[in-house]
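Please describe this model for a reader who works with computed structures.

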Amino acid sequence: MKHRNLLLSIVLPAVLLPSRSFAMHISEGILPFSWSLVWFAASAPFLALGLRTLSRRSALDLSSKPLVGMLAAVVFIISCMPVPVPTAGTCSHPCGTGLAAVVLGPTLGVVVAAVALLIQALFLSHGGLSTWGANLFAMGVVGSFAGYFSFRLMRACGAGPVLAAFTAGLMADWATYATTALILAAGIKGTTPFWPLAAKIGLAFIPTQLPLGIIEGAITAGMVSLLSKKRPDLLARTALADIRGEEKR
Amino acid sequence: MKRSMWLLLALLMVGWSGGGVRAEEKWPGVDEAVVKKIAREQGREARAPLINTGEGDLQLFVFLLAGVVGGFAAGYYWRMLLEGKKRDLK
């Protein structure tokens with residue numbers, strides 16, 4: 001069983017990663033410079049907050065930095081991984097920020113997304129440096145916070161951790177793409193009215209993202225379930241701390 | 001175990017044939033199908049990346065450099081990474 005999981009974890013990314021990635025990230029040059037600046041400014045406080053959280057948490061627990069690094073690698077891979085959606089005939093990718101937010105908390109989810117998006121923009125032409133702020137706001141800030149609060153809300157309503165994690169992944173994915181539609185519409189609208197254009201972009205995302213959000217929910221639920229069973233010690237200071245408490249009782 | 005080996009073999013076959021993810025031909029990403037398409041309709045075109053590491057062997061060089069820097073940093077701080085800073089009691 002252990003060997004099978006190890007083999008799958010090596011083989012699956014190798015099989016699913018093509019030479020070129022296909023994503024929702026807003027490419028270089030699509031947003032006007034002024035809008036790029038706006039999204040940099042909007043993301044910056046969340047990133048600063050995340051870095052402060054990282055610094056504080058690592059002062060208390062040294063193992064938190066390697067854990068954040070590992071999650072950054074996971075989010076990088078997940079958000080590079082194109083999944084073909086037969087109903088739409090297109091490919092898209094999950095975001096991974098729902099998982100990061102559940103495991104690390106929402107502000108560290110922003111840090112993790114920032115690292116993943118920067119490497120993708122630099123090395124894979126996936127997104128762009130000028131649109132990094134906009135992509136970070138959609139995937140990092142909105143994705144992480146939507147995932148985290150969905151998880152907390154579901155737990156508060158009495159849902160189990162796996163169902164709550166499923167909802168977190170689902171909501172992180174859908175919220176990311178909804179925000180991308182709004183950001184894109186605001187940046188490219190010109191003389192076109194904002195809301196019809198935003199609705200047009202959002203509707204165009206639906207055939208791909210509706211099923212993909214469900215897949216992301218399943219991935220998040222599976223990973224949270226596995227982590228809480230195999231390595232509950234890693235999750236002591238996170239949103240999953242309450243799960244650990246339940247297991248101890 | 002036997003069944004999982006068959007599953008792995010099937011996944012590898014799909015991966016090597018590229019059947020599932022040959023996106024250039026049949027499966028455009030939503031960045032092409034939605035983001036770039038609608039941006040183009042609105043008169044905004046995507047630009048080439050500001051730093052294009054995809055030219056020639058530059059990407060290979062950058063990955064090698066990142067691996068060397070990351071590897072040396074992890075190696076140098078390995079003990080600290082695993083055990084934490086120890087106070088000198090002398």
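Where in chain A is A:His126 found? A:His126 sits in the loop between α5 (106-123) and α6 (132-156) of chain A, where helices (H or I, at least four residues) and strands (E, at least two) are DSSP runs numbered from the N terminus. The model is a predicted one, in which local features need pLDDT of at least 70 and side-chain atom pairs count only at pLDDT 80 or more, whereas totals for chains, interfaces and linings use all residues. Residues are numbered from 1 along each chain as its sequence is written, chains are lettered from A and ligands numbered from 1 in the order in which they are written, and side-chain values use heavy atoms, with hydrogens and water left out.

**The histidine in the loop**

With a relative accessible area of 4%, A:His126 is buried; the term buried stands for under 20% relative accessible area, exposed for over 50%, and partly exposed for what lies in between (1.4 Å probe, protein chains only). The side chain of A:His126 is joined to that of A:His25 by a polar contact of 3.3 Å. Such a contact is a pair of N or O atoms within 3.5 Å, and within protein one atom must be able to donate a hydrogen and the other to accept it, while residues adjacent in sequence count only if both atoms are side-chain atoms.

**Aromatic pairs and cysteines**

Over all chains, the structure holds nine aromatic pairs. Rings of Phe, Tyr and Trp (its six-membered ring) pair if their centres lie within 6.5 Å, and planes under 30 degrees apart count as stacked, over 60 as edge-to-face and the rest as tilted. The pair of A:Tyr177 and A:Phe205 is edge-to-face, because the ring centres are 5.3 Å apart and the planes stand at 75°. Since A:Tyr177 lies in helix α7 (residues 161-188) of chain A and A:Phe205 in helix α8 (residues 194-230) of chain A, the pair ties together parts that are 28 residues apart in sequence. A:Tyr177 is buried at a relative accessible area of 2%, and A:Phe205 is likewise buried, at 2% relative accessibility. Elsewhere, ring pairs link A:Phe46, A:Phe145, A:Tyr148 and A:Phe149 into a cluster.

A:Cys80 counts as buried at 3% relative accessibility, and A:Cys95 counts as buried at 0%.

Side chains of opposite charge can pair when their charged atoms come close. Three salt bridges are found over all chains, a salt bridge being a side-chain nitrogen of Lys or Arg within 4 Å of a carboxyl oxygen of Asp or Glu.

| Salt bridge | N to O distance |
|---|---|
| A:Lys200 and B:Glu41 | 2.7 Å |
| B:Glu41 and B:Lys37 | 3.9 Å |
| B:Arg40 and B:Glu45 | 3.4 Å |

The salt bridge of A:Lys200 with B:Glu41 crosses between chains, from helix α8 of chain A to helix α2 (residues 30-41) of chain B. B:Glu41 and B:Lys37 both lie in helix α2 of chain B, four residues apart, which is about one turn of the helix. A:Lys200 is partly exposed at 39% relative accessibility, as are B:Glu41 at 45% and B:Lys37 at 43%. In the remaining salt bridge, between B:Arg40 and B:Glu45, B:Arg40 is partly exposed at 42% and B:Glu45 is partly exposed at 47%. Salt bridges that share partners join A:Lys200, B:Lys37 and B:Glu41 into one network.

**A nonpolar patch**

B:Leu58, B:Phe61, B:Leu65 and B:Val69 make a nonpolar surface patch of about 370 Å². Patches are made of residues with over 30% relative accessible area and no salt bridge, like charges being joined within 9 Å and nonpolar side chains (Val, Leu, Ile, Met, Phe, Trp, Tyr) within 5 Å. B:Val69 belongs to helix α3 (residues 58-76) of chain B and is exposed, with a relative accessible area of 54%.

Key. Areas by Shrake-Rupley, 256 points an atom, 1.4 Å probe, with all protein chains shown as cover.
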